[in-house]
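Thanks for making time this morning. I would like to walk you through one structure, so please have a look at it before I go on.

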Amino acid sequence: MKKKSLTILCVLFLWMLPFTINAIIVNATTNTNDRILIQNVDIEENGRIVEEGDNYIVYEKDIKADEFVNENENVLSLYKWAGYSLRNIKTNGTTTDYNRVVSSDDVSAGSSFTFKVSTSATTSVSGVYSISAAEFNSKVGLNYSATVTVSKSNTTSCPKTLNGKKVKQCTVTFYPKYQKYKFDEYFLGMKTGSGTAKALVGFTQKVTYKF
C-alpha cells in the first residue's frame, strides 16, 4: 500500500513539474516599466568649444545615430534560466571613446561636406555574471545581439571666416558615443547584485577650425 501511494505521489509530482517551472518563469519576467528604448534616449546635441589657441578653435557636439542595426548572434547566459531578471534599469550619463577614431577628414574653407559615418561596438556589461551583452541590449530595445552598428549622415560646413579670423581649413573627426546604464539583478524575487552597462548610441563630432 505504501509503495502504491509513493508511486502516485511521484506521478503527481512529475505531472505538476511543468506548471511549477512555468510559474517561476512568469514571476521572473522583468517589468515593462524597466524597459528603456535606446532609440529614445536623449543626447545633448548642443555644441561646445573644448579648446582654443591662437591658430585654431576646437568645437564639439554629440550626434544621435539615425540607424541602429543588430548583427545576428546567439549568446547564452544564466539570464535564460528560470528565476533571473533585471530590474531598475536606469540611464547613467554618456561617454565618448576618444581613443577610437571612426572617421577623420579635411574640409576646405568656404565649402561643406556630407559625412556618412558608421561604426560597430559590442555592449559591455560588468558587475554581474548572469546577463550577456546581447540580452542586455534586448532590454533597451535592441533585440538579441551583442554587437550594435550605428550610422549617421551629417553635413558639416567650413566657413571662410570665424570670429573675425580667416579660416584655412577644417578637420572633422568622429568618435563613438556610448550611453551608460545601471541596473539591479534579481533571482527568484531576491536582489542578488547590481551592474552597469555601456551601449553604442551615436557619435561625438570634433571640428578643428585652423586659421
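Predicted model: local features only at pLDDT ≥ 70, side-chain atom pairs only at ≥ 80, totals over all residues.

Residues are numbered from 1 along each chain as its sequence is written, and side-chain values use heavy atoms, with hydrogens and water left out.

Turning to the overall layout, the protein chain has two helices and twelve strands, these being DSSP runs numbered from the N terminus, with helices (H or I) of at least four residues and strands (E) of at least two. Read from the N terminus, the order of elements is α-β-β-β-β-β-β-β-α-β-β-β-β-β. Of the 211 residues, 40% count as buried, where buried means under 20% relative accessible area, exposed over 50%, and partly exposed in between, using a 1.4 Å probe and protein chains only.

Next comes the disulfide, defined as a pair of cysteine sulfur atoms within 2.5 Å. The count comes to one disulfide, formed by Cys158 and Cys170, whose sulfur atoms are 2.1 Å apart. Cys158 lies in strand 8 (residues 147-158) and Cys170 in strand 11 (residues 169-187), so the pair ties together parts that are twelve residues apart in sequence. The torsion about their S-S bond is about 80°, so this disulfide is right-handed, and both Cys158 and Cys170 are buried.

Strand 8 also holds Lys152, which counts as buried because its relative accessibility is 16%. The side chain of Lys152 makes a polar contact of 3.2 Å with that of Asp66; such a contact is a pair of N or O atoms within 3.5 Å, where, within protein, one must be able to donate a hydrogen and the other to accept it, and residues adjacent in sequence count only if both atoms are side-chain atoms.

Finally, consider two loop residues. Asn163, in the loop between strand 9 (161-162) and strand 10 (165-166), has a positive phi near 55°, and Leu188, in the loop between strand 11 and strand 12 (190-210), has a positive phi near 50°. Asn163 counts as exposed at 60% relative accessibility, and Leu188 counts as exposed at 52%.
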